[in-house]
Amino acid sequence: MNLRHMFALARKEFYHIVRDPGTFLLVTVGPVFLMIVFTYMLTSEVKNAPVGVIDHAHNDASAELIDRIEADPVTRIAAYYESVDATDLDFQRGDIVAAVEIPENYGQFSLLGDVPTVHMIVDGMEPTSAEQVLETVYTIADEHTRDLAGDALSGFGLDSSLLDLPINVETETLFNPDLRSIVDFYPGLMGMMLTLPALALALSLAKEAENGTLEQLVASPVDKRALLAGKMLPYLVFGMIDVVILFIMGQVAYSVPFRGSLLEYMLVALLFNMANLGLALLIAVFVRSQQVAIIVAFLVFFVPPFFLSGMFFPADAMPFIVQLEMVEFPSMHYVSLAKAIFLQGTSIRDLLFNFVILAILGIELFEIAAFIFRKKIIVTVPWRKWFNRDEKRQSLTQQPIAQSRG
Amino acid sequence: MANDTMIDIQSVSRSFRQTLAVDSITLSIRRGELFGIVGPDGAGKSTLLRMMAAILNPTGGTIAIAGHDSVKDAEDIKSIMGYMPQGFGLYTDLSVQENLRFTADVYGVTGAQLEKRLPVLYEFTDLASFKDYQAGKLSGGMKKKLALACAIIHEPPLLLLDEPTTGVDPVARRGFWDLLSGLHAQGTTTVVSTPYMDEAERCNRVALLYNGRVLACDSPSAIKARVPGAVLALTSSDNRRLAPLLLGLSGVIDIQTYGNLLNIIVTDRDTVRSRILDLLDSEQIDDYTLEDAPMRMEEAFIYLVNHAEGALPEEVAS
Amino acid sequence: MKSTINRTLDIAWKELLHMRKDRVLLPFLVIGFLLELTFVAWATSQPIDNLNMAVVDLDQSEQSAALVAALDATDTLTLRHEVADEATAIEAMDQVNTVLTPHANTILTLVIPAGFGDTLTSGGQPDVRIILNGAESVSAREARRVAEQTILEQGMRVRFNMEPADYEDQLPQVTVKYNEDLERSWYTLPGEAALIFYMVTMALAALAISREREWGTYEQLRVMPFRSVEVILGKALSPMLVGYVLFLSVLALMTLVFGVPLRGSLPLLLIVAVLYLLAEMGKGVLLSMMARTQLQAVLLVFVLVMVDLIFSGYAVAVETLPQLVQTIANFIPIRHWLVILRGVMLKNAGLDVLWPHIVALIAIGAVIIIFTAWQYRRNAS
Ligand SMILES: Nc1ncnc2c1ncn2[C@@H]1O[C@H](COP(=O)(O)OP(=O)(O)O)[C@@H](O)[C@H]1O
Ligand SMILES: [Mg+2]
């Protein structure tokens with residue numbers, strides 16, 4: 001590879017980046033902005049979910065239960081109904097996400113073991129928050145019933161330890177004691193943010209093709225691998241700067257633990273960055289217009305890594321064939337490596353499989369792009385007609401030759 | 001192949017899906033020539049030049065540039081040639097100087113060699129005072145000069161220019177051609193495409209391109225000599241009415257309108273002249289002038305188009 | 001003189017021609033996004049199950065074996081390792097499995113102390129410990145929920161000889177509506193579909209004018225005798241067409257292949273989709289006018305998509321967001337569209353319930369289009 005060519009291209013690309021405010025923001029502020037958006041989305045917990053009440057009891061016990069539901073930060077009481085049927089419309093509108101029906105004899109225990117319990121109805125449309133609301137209301141109701149039952153037992157002169165759980169469970173959580181989802185998503189998210197420099201690279205190459213500057217380049221003796229590498233280099237540098245910024249942000253703003261070796265993580269991030277940019281080049285080499293590049297990039301960079309890298313949905317739960325497919329996506333390996341290094345302090349040596357694949361992808365994707373890239377002009381440029389039309393208009397004013405026979 | 005042949009084009013064709021942009025062209029361009037490829041939009045000029053520049057492969061035939069095959073040895077060709085694409089191929093957000101230095105790096109012109117070359121180019125193109133201008137902010141003519149400067153930065157023996165003067169004002173066009181003449185004088189083989197017939201006159205030889213075919217390839221004077229007959233220039237008060245009538249006269253080959261001037265190409269000067277005078281008389285037009293006019297490339301081209309084999313090309317005939 | 005409709009169609013036709021020439025674009029869009037959806041559907045409809053469990057059984061009694069068997073019998077947990085002591089277990093959790101399924105490490109370790117069985121049978125309350133792998137917070141939470149429930153059931157079984165059915169009526173009764181099995185894909189697929197629909201159409205529309213600007217044909221368009229609304233609608237029409245076709249395919253895929261129910265009125269959905277598209281298109285064209293280059297247009301779309309993602313209920317129910325955010329969300333078309341789409345599909349909601357959202361869509365769309373037309377005209381002067 002011709003290094004002088006590469007640096008010439010890299011310098012030129014650097015000028016493009018810093019002189020176009022759009023690109024500059026995309027590769028600098030963009031990742032930070034995106035990270036804030038995502039962490040916001042991920043950490044939003046259910047608060048004040050509206051709950052409806054159908055109270056058939058109207059006694060102290062039911063009033064106490066309603067108070068507890070209202071007092072819990074997750075839920076609030078939004079409306080009262082006479083019957084379960086009456087809740088239908090509000091459920092459809094989304095005005096309530098759960099309803100609690102309290103039976104007439106709520107709070108009245110008999111020695112025969114009759115336990116009046118509540119009936120809860122949950123809108124399951126959005127499973128994640130539905131589960132949260134369900135769990136909250138369920139726990140409140142269950143505990144309240146236990147409390148009432150305990151009182152009742154004491155009233156009957158019995159030992160309330162009868163109500164203890166048969167087995168006591170102690171829970172300990174490693175790596176992420178509070179099970180904060182941000183902690184285990186952050187290392188992966190950092191990688192996702194590197195999509196932005198890659199997107200900018202794909203666009204930049206597509207733009208050269210559209211603007212005709214690529215025609216000038218391919219007609220020059222520039223080494224084609226140097227051409228691609230030179231275009232890629234500045235984005236790689238900006239990508240690594242992003243990594244550093246995001247790393248600091250994670251430590252400071254989100255207190256994400258980091259237990260591994262910083263050097264190893266940076267190496268992983270570098271390889272991932274290279275793989276991402278290689279993929280971007282590949283896209284740009286295949287599709288020559290900015291418009292298509294954007295759509296392809298959205299598809300390739302955004303959706304699969306998001307859903308399939310195990311960030312939101314554990315990869316374990318995925319069909320084997322999907323997992324197999326994911327082997328080809330650098331993001332999967334990055335996520336595994338980054339999470340292990342961040343949270344478990346694992347060394348690359350223990351994750352050699354992922355590391356090797358990531359390294360191969362980091363180099364290979366670029367090589368494939370370079371292999372496919374031809375120093376030829378693009379044969380079908382859809383708007384050539386429009387260009388020509390424009391020029392025709394200009395030349396009409398300057399005595400064209402094609403006019404004749406008055 | 002003779003040693004003085006720079007470009008040897010052997011029955012080269014190029015098709016894009018249904019379009020046959022270049023249709024088995026055979027041409028030979030000598031070293032040191034200033035060679036024009038002239039034709040209207042869509043004639044296939046750019047396609048032909050791109051194939052010479054080795055950035056587009058022919059679908060048939062071969063091209064050899066200084067003995068290098070344009071498909072197999074594409075990269076050898078690229079270093080001995082300067083190419084200026086039809087659009088502005090430089091970076092609008094880089095300054096004039098940055099564009100030049102970037103191109104120099106790519107062509108391997110560096111260090112002292114470059115520092116010597118830059119002032120020469122600035123002087124040659126008059127761009128010195130615009131050194132730090134963003135290329136995108138230059139006028140059309142300036143842009144073309146910058147593109148030329150970049151194309152010749154490595155002093156290539158071969159220069160391929162695709163419509164370098166399209167979209168440039170007439171004064172700048174003249175200036176640009178003076179630059180080309182200068183390069184020609186230094187011995188650079190130059191191939192220029194252009195839709196302007198008047199520019200063809202400044203070439204050693206021209207190839208008239210139409211619908212992907214070469215209608216004629218010769219020196220401008222030889223091409224004009226192929227057209228039989230002469231040109232008469234008519235101005236009158238009622239050209240609009242006269243034109244179709246004139247075309248109906250036997251011996252009138254073609255008519256071109258320039259404002260209120262009609263250029264009439266005729267087979268035989270004297271006999272047709274008298275027929276025209278008769279016509280003017282019978283149409284009762286008396287405020288006219290009818291003079292001899294020189295044959296121009298334009299007339300020659302249209303004559304050749306109309307008398308080429310095959311169907312009458314619509315674009316010109318309509 | 002041509003009619004407005006004619007002239008609008010002229011522009012739309014020209015846009016379609018651009019698209020047609022970009023041969024990769026259309027097949028790519030349709031096939032690409034359908035594939036994408038399939039992937040996402042597949043991945044997210046999988047229950048979180050077969051999570052790896054390790055056991056440290058220091059008791060080795062009949063009861064401890066029964067407890068382990070009960071946990072192993074759940075769909076969620078699968079016994080993978082029996083480990084001698086707790087230290088080894090923790091060490092094992094530190095290790096990451098490296099072959100093909102890199103996440104396949106132990107999610108939960110159960111430690112059963114010596115004497116567990118005796119305490120339980122003699123009526124005492126024995127302790128067990130569970131150790132969770134917090135590096136997989138989603139799986140860990142699920143594992144914990146299932147483990148706690150199973151341990152409780154097993155305890156009741158051994159100590160009181162009661163099966164869950166016996167004390168069921170003493171626990172709160174639960175009914176889940178609309179998405180009875182809490183299928184995650186029933187929520188994510190409509191969201192994903194809306195996002196695809198939205199991103200493609202908006203991106204295409206956003207490029208419509210910035211592209212002309214970059215090619216230098218914008219001025220030409222402006223001097224042609226088109227009214228501003230004609231230009232905007234014309235520009236929006238072909239992206240809308242593409243978007244609509246995409247929407248129909250995605251809808252078919254969701255309902256026919258992935259089994260998301262369509263409980264409400266299909267015609268209502270199809271009509272409202274057009275209203276929604278109009279609003280998004282207007283937004284796209286507006287962005288397109290503000291951007292000078294295609295790159296800038298993309299950036300603007302990008303920022304907008306991100307913002308909309310938060311506010312729209314795409315991933316998180318809007319009801320769970322802070323009040324201020326909920327209020328802002330009302331001004332975002334996709335938020336209403338998602339309510340309508342999911343409402344019709346899952347809740348069999350009709351006009352009587354959804355009308356405020358439909359009105360909001362129309363209002364937002366109208367404001368956007370009028371503003372865009374005004375902006376286009378203002379650009380001229
Ligand atoms: N890259 C291309 N893809 C498809 N068709 C092309 C391409 N380049 C040129 N053509 C077609 O080939 C013909 C000749 O074009 P061109 O060589 O650009 O003519 P000129 O430069 O003389 O105006 C035209 O009909 C044009 O549409
Ligand atoms: Mg051309």
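**Sheets and helix pairs**

Guide: To start, A:I54 stands opposite A:E101 in β3(A); helices (H or I, at least four residues) and strands (E, at least two) are DSSP runs numbered from the N terminus. This is a predicted model, in which local features need pLDDT of at least 70, side-chain atom pairs count only at pLDDT 80 or more, and totals for chains, interfaces and linings use all residues. Residues are numbered from 1 along each chain as its sequence is written, chains are lettered from A and ligands numbered from 1 in the order in which they are written, and side-chain values use heavy atoms, with hydrogens and water left out.

Visitor: In which sense do β1 and β3 of chain A pair?
Guide: Two strands pair if DSSP finds at least two bridges between them. Strand β1 (residues 49-55) and strand β3 (residues 98-102) of chain A have five bridges, and the sense is parallel.

Visitor: Which strands are at the edges of the open sheet of five strands?
Guide: The order is β2(A)-β1(A)-β3(A)-β4(A)-β5(C), with mixed pairing. An edge strand pairs on one side only, and here those are β2 (75-80) of chain A and β5 (173-177) of chain C.

Visitor: What angle does the direction of helix α4 of chain A make with that of β2(A)?
Guide: Helix α4 (residues 60-71) packs on the sheet and touches β1, β2 and β3 of chain A; contact means heavy atoms within 4.5 Å. Axes are lines fitted to C-alpha atoms, for helices over the stretch in contact, and angles run from 0 to 180 degrees between N-to-C directions. For α4 and β2(A) the angle is about 130 degrees.

Visitor: Is α8(A) roughly parallel or roughly antiparallel to α11(A)?
Guide: Helix α8 (residues 195-211) and helix α11 (residues 262-286) of chain A pack with their axes 8 Å apart, at an angle of about 30 degrees. Angles under 35 degrees count as roughly parallel, over 145 as roughly antiparallel, 65 to 115 as roughly perpendicular and the rest as oblique. So α8(A) is, relative to α11(A), roughly parallel.

Visitor: How is α3(C) placed against α6(C)?
Guide: The axes of helix α3 (residues 62-73) and helix α6 (residues 137-160) of chain C come within 10 Å and cross at roughly 140 degrees. That makes the placing of α3(C) to α6(C) oblique.

Visitor: Where in chain B is the pLDDT below 50?
Guide: pLDDT is the predictor's confidence in each residue, from 0 to 100. Chain B averages 87, and 96% of the residues score at least 70. The pLDDT is below 50 over residues 310-318.
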